Amino acid sequence: MGASKQGKWYVAEIVEEIHVEGAEENVVHRNLVLIRANSAEEAFQKAMAHGQEGEMIYDNPQGQRVTSTFRGLSNLTEIYTDLEDGEEITYYQWVGLDEDEIQSMLLPKDELDIFRQWNEEEDSDVPDIRARALLEEASQPAYEVEASATAEEDLEEIDPQAVLAEVERILREPRDTREDYR
């Protein structure tokens, strides 16, 4: 099911620690990254290389130096189904949660990462790990759409590797996880 001529898909949980110059607290991410490999060992090697390649130093919007350091893997799992809309790729399990604990996991739409924007006032106690260069780049139009292009033509031109790269980039963006770990 999950295997093809190019190998199987795996999900690597890459742990990175981020320090902002002058900030008292660090920020730690567990990034879920798709890996395609022919074996568990190859997936492990690729995940480790991916983590190391993600190490970087850059400036945030306030001009502070931000250092991201790969700390290791927290998990590596195989995806046993084909990647399709709605397929489960990984899961977490808890046992014995009461209703309040279950409800604390659920967020309204506007608090989901994809809809939440950085807020200087609300996020003042969180080190700003956003990259100044990426924010400046994001403010520029990404591309212009030709008037003759249709949605179907656009779908045919999608490059799966580019989509995976964009997913990885998004996973590296700051996410408000203060409630999850405090």
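A residue counts as buried when its relative accessible area is under 20%, and as exposed when that area is over 50%, with partly exposed residues in between.

Consider Asn31, which belongs to strand β3, a strand spanning residues 27-37. Is Asn31 buried or exposed? Its relative accessibility is 2%, so Asn31 counts as buried. The side chain of Asn31 also has a partner, for a polar contact of 2.8 Å links it to the side chain of Glu16.

In soluble globular proteins, nonpolar side chains tend to be buried together. Here the largest nonpolar core consists of 9 residues: Tyr10, Ala12, Ile14, Val33, Ile35, Ala37, Ala43, Ala47 and Phe70. Which elements give two or more residues to this core? They are β2 (7-20), β3 and α1 (40-53). Another core, of 7 residues, lies apart from it and includes Ile18, Val27, Tyr58 and Ala131.

Ile35, one of the residues of the largest core, may be examined individually. When neighbours within four places in sequence are set aside, Ile35 is in contact with Lys8, Trp9, Tyr10, Ala12, Ala43, Lys46, Ala47 and His50.

The aromatic rings come next. A pair of such rings is described by the distance of the centres and the angle of the planes. The model contains 1 aromatic pair. In this pair, the ring centres of Tyr92 and Trp94 are 6.3 Å apart and the planes stand at 45 degrees, so the arrangement is tilted. The reasoning rests on the cut-offs: planes under 30 degrees apart would count as stacked and those over 60 as edge-to-face. As for accessibility, Tyr92 has a value of 41% and therefore counts as partly exposed, whereas Trp94, at 53%, counts as exposed. A further ring, that of Phe115, has Lys109 over its face, at 4.9 Å from the ring centre.

Finally, the confidence of the prediction deserves attention. The chain has a mean pLDDT of 79, and 68% of its residues reach 70 or more. Confidence is highest in α1, at a mean of 97, and lowest in helix α6 (residues 178-181), at 42. Over residues 145-149 the pLDDT is below 50, and this stretch has 2 contacts in the model beyond near neighbours in sequence. Residues 175-182 likewise stay under 50 in pLDDT, and the model has 12 contacts for them beyond four places in sequence.

How values were computed:
Residues are numbered from 1 along each chain as its sequence is written. This is a predicted model: local features need pLDDT of at least 70, side-chain atom pairs count only at pLDDT 80 or more; totals for chains, interfaces and linings use all residues. Side-chain values use heavy atoms; hydrogens and water are left out. Helices (H or I, at least four residues) and strands (E, at least two) are DSSP runs, numbered from the N terminus. Buried means under 20% relative accessible area, exposed over 50%, partly exposed in between (1.4 Å probe, protein chains only). A polar contact is a pair of N or O atoms within 3.5 Å; within protein, one must be able to donate a hydrogen and the other to accept it, and residues adjacent in sequence count only if both atoms are side-chain atoms. Rings of Phe, Tyr and Trp (its six-membered ring) pair if their centres lie within 6.5 Å; planes under 30 degrees apart count as stacked, over 60 as edge-to-face and the rest as tilted. A charge sits over a ring if NZ of Lys or CZ of Arg is within 6 Å of the ring centre and within 35 degrees of the ring normal. A nonpolar core is a set of buried Ala, Val, Leu, Ile, Met, Phe, Trp, Tyr and Cys residues joined through side-chain atoms within 4.5 Å. Contact means heavy atoms within 4.5 Å. pLDDT is the predictor's confidence in each residue, from 0 to 100.
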